[in-house]
Amino acid sequence: MERLRNSVPNENPLLSFIMLVKDAERWNRFVVHRLREMEKLAKVSPFPFEAIFVVNGSVPSDVREQINRLPFAATVVLHGENHIPRARNIAAREARGTHLFVWDDDDALRTPEALPAFVQAYEQLPVGVLCAELLRHDGSHFHPQVPELM
């Protein structure tokens with residue numbers, strides 16, 4: 001496994017974003033937008049964070065340049081096997097954050113300024129997992145579960 005890291009020091013991040021990426025096509029289609037959302041978050045976040053990407057296929061030729069431009073610590077792990085649980089475990093092992101935020105590459109963070117309050121609520125409540133509200137582009141709620149199974 002090859003690891004690409006930028007040079008931003010971040011020894012004690014509160015939050016580690018974990019994102020699994022299939023290949024260069026998905027990176028160019030989705031991850032470039034997630035990077036912009038993380039950059040917006042970096043401007044308003046009162047806590048340090050990092051991003052861990054596990055890619056099981058090819059990456060864009062400029063991926064190193066992309067992560068080197070980021071204002072937060074970022075690691076790209078090139079993992080050639082298409083095995084989601086193993087990729088998540090790799091990301092979790094790479095993560096240095098107190099909390100892990102598993103983020104799908106095709107899910108947008110529409111209100112990065114709300115994330116600090118989300119993390120604060122997590123730290124104050126006696127729970128192990130918090131889930132974000134999923135919205136469609138038109139603002140309606142998205143429920144991925146099959147209704148008859150609920």
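Predicted model: local features only at pLDDT ≥ 70, side-chain atom pairs only at ≥ 80, totals over all residues.
## Overall architecture

The protein contains four helices and five strands. Along the sequence these elements follow the order β-β-α-β-α-β-α-β-α. The chain has 150 residues, of which 40% count as buried.

## The second largest pocket

The second largest pocket holds about 320 Å³ of space. Its lining comprises 19 residues, and those closest to the centre are Leu-20, Val-21, Lys-22, Ile-84 and Asp-105. Two elements, strand 2 (15-21) and helix 3 (84-94), each supply two or more residues to this lining. Strand 2 makes the largest contribution, with four residues.

In terms of residue class, the lining of the second largest pocket consists of nine nonpolar, three polar and seven charged residues. Asp-105, one of the residues closest to the pocket centre, also takes part in a salt bridge with Arg-26.

Asp-23 is placed in the loop between strand 2 and helix 1 (24-44). This residue is buried but forms no salt bridge. The nearest side chain of opposite charge is that of Lys-22, at 4.6 Å, beyond the 4 Å limit for a salt bridge.

The side chain of Asp-23 does have backbone nitrogen atoms as polar neighbours. One of its polar atoms lies 3.2 Å from the backbone nitrogen of Glu-25. The backbone nitrogen of Arg-26 is 3.0 Å from a polar atom of the Asp-23 side chain.

## Salt bridges

The model has eight salt bridges. Among them is the pair formed by the side chains of Arg-26 and Asp-105, with an N to O distance of 2.6 Å. This pair connects distant parts of the chain: Arg-26 belongs to helix 1, whereas Asp-105 lies in the loop between strand 5 (99-102) and helix 4 (115-124), 79 residues apart. The two partners fall into separate accessibility classes: Arg-26 is partly exposed because its relative accessible area is 21%, and Asp-105 is buried because its relative accessibility is 4%. The threshold that divides the two classes is 20% relative accessible area.

A further salt bridge joins Glu-81 and Arg-86, whose side chains meet at 2.5 Å, N to O. Glu-81 has a relative accessibility of 35% and therefore counts as partly exposed. Arg-86, at 36%, is likewise assigned to the partly exposed class.

Arg-88 and Asp-104 also form a salt bridge, with their closest N and O atoms 4.0 Å apart. Because Arg-88 is in helix 3 and Asp-104 is in the loop between strand 5 and helix 4, the pair ties together parts separated by 16 residues in sequence. Arg-88 counts as partly exposed at 35% relative accessibility, and Asp-104 counts as partly exposed at 37%. Elsewhere, salt bridges with shared partners join Arg-3, Arg-5 and Glu-94 into one network.

## Glu-94 and its partner Arg-3

Glu-94 is located in helix 3. Its relative accessibility is 14%, so Glu-94 counts as buried. The side chain of Glu-94 makes a polar contact of 2.4 Å with the side chain of Arg-3. Both residues belong to the salt-bridge network that also includes Arg-5.

## Pairs distant in sequence

Leu-100 is a residue of strand 5. With a relative accessible area of 45%, Leu-100 is classed as partly exposed.

Lys-43 is found in helix 1. This residue counts as exposed because its relative accessibility is 73%, and the cut-off for the exposed class is over 50%. The C-alpha atoms of Lys-43 and Pro-112 are separated by 9.6 Å, while the residues stand 69 apart along the chain.

Methods. Residues numbered from 1 in each chain as written. Heavy atoms only, no water. 1 Å grid on protein atoms, 1.4 Å probe; cavity = no way out; pocket = protein on both sides within 12 Å on 5 of 7 lines; lining within 4 Å. Points joined across faces, edges and corners; volume = space filled by probe spheres on them. Nonpolar A, V, L, I, M, F, W, Y, C, P; charged D, E, K, R; others polar. Buried < 20%, exposed > 50% of the residue type's maximum accessible area, 1.4 Å probe, protein only. Lys, Arg positive; Asp, Glu negative; His and termini not counted. Polar contact = N/O pair within 3.5 Å; in protein donor to acceptor, adjacent residues only side chain to side chain.
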